[in-house]
Amino acid sequence: MIPAQFDYVRAGSVEEAVAALAQHGDEAKVLAGGQSLIPLLRLRLAYPEVVVDVGRVAELRGVGAMTTHHDVIRDDLVNAHCGLVVAATKTVADPAVRHRGTFGGALSHADPAGDLPAVVLALDGEFVVAGSGGRRTVAASDFFVDYLQTALAPDEVLVEVRLPKLGDGWGFHYEKFQRVVQAWAIVGVAAAVRRSNGSISEARIGLTNMGSTPLRATATEQALAGADLSAIADASGHAADGTSPSSDLNGAADYRQHLARVLTRRAVAAAAGA
């Protein structure tokens, strides 16, 4: 299909992007890599009056919100300190999409079936957003509001994602189940586990596509704290507690809950080196 008519603004700076968004409000959409927005435009599931292109804003490049998935995977700093991000990003779609799609764009799109929101949530990341009133920091736990909705105001753009370094003793793994390689995750699990003296000191677990937003498997996290490796199977049985996944052609809600328990066991075991 052909998108509905819209005006196009190419921002040269964060300030120009914010000004354009402030002028047009809810009628404007931000274009980053375009791998999420352009399909919505073509299907007329989104029909903004103005598209604000931030693709050439230098400040957002490097290891920032406009960094492509391809660059994230190959960045030495990210590989050294945020291996879970790299592991999950390697599973995003296919090489063509990873060369165009952006880290910040995927997070701002906030599709619960996307791989990266659950990862940032599990890592207790933070988002720096810029708007007419200046810049503010939003915790990942507050950023994802509902299906395809975030805490970004109409005049705000994501400029930076902050992730803590995982120090000694941490292991990580991203486990994903999908029909074909390029497809969205039916369920995904991002796990980071810290071991000490042979037991699990702390576990952080993010769930992909188990609700209208990414979720933490808090019951499993609590059950694993201070537990032996032998407790992983029982603790993972609580991974779906409190979740409300959807039912669609890819799987019913109870099937997704079963997958969450199975994939959590696998992800935690791999992260813990069990």
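What follows is a short chat about charges and salt bridges in this predicted model.

Biologist: How many salt bridges does a search of the whole structure find?

Modeller: Side chains of opposite charge can pair when their charged atoms come close. Here a pair counts when a Lys or Arg side-chain nitrogen is within 4 Å of a carboxyl oxygen of Asp or Glu. Searching the whole structure that way gives 10 salt bridges.

Biologist: Take the salt bridge of Glu175 and Arg266. Is Glu175 buried or exposed?

Modeller: The two side chains meet at 3.9 Å, N to O. They link distant parts of the chain, with Glu175 in strand β9 and Arg266 in helix α12, 91 residues apart. Arg266 is partly exposed at 44% relative accessible area. For Glu175 the figure is 17%, and the cut-off for buried is under 20%, so Glu175 counts as buried.

Biologist: And which residue does Arg204 meet in a salt bridge?

Modeller: Arg204 has 14% relative accessibility, so Arg204 counts as buried. The distance is 3.1 Å, N to O, and the partner is Glu202.

Biologist: Where does Asp26 of the negative patch lie?

Modeller: Asp26 gathers with Asp7, Glu27 and Glu49 in a surface patch of negative charge. Its relative accessible area is 66%, so Asp26 counts as exposed. As for its place in the chain, Asp26 sits in the loop between α1 and β2.

Conventions
Residues numbered from 1 in each chain as written. Predicted model: local features only at pLDDT ≥ 70, side-chain atom pairs only at ≥ 80, totals over all residues. Heavy atoms only, no water. Patch = residues over 30% accessible without salt bridge, like charges linked within 9 Å, V, L, I, M, F, W, Y side chains within 5 Å. Areas by Shrake-Rupley, 256 points an atom, 1.4 Å probe, with all protein chains shown as cover. Lys, Arg positive; Asp, Glu negative; His and termini not counted. Charge placed at Lys NZ, Arg CZ, Asp CG, Glu CD. Helix = DSSP H or I, 4+ residues; strand = E, 2+ residues; numbered from the N terminus. Buried < 20%, exposed > 50% of the residue type's maximum accessible area, 1.4 Å probe, protein only.
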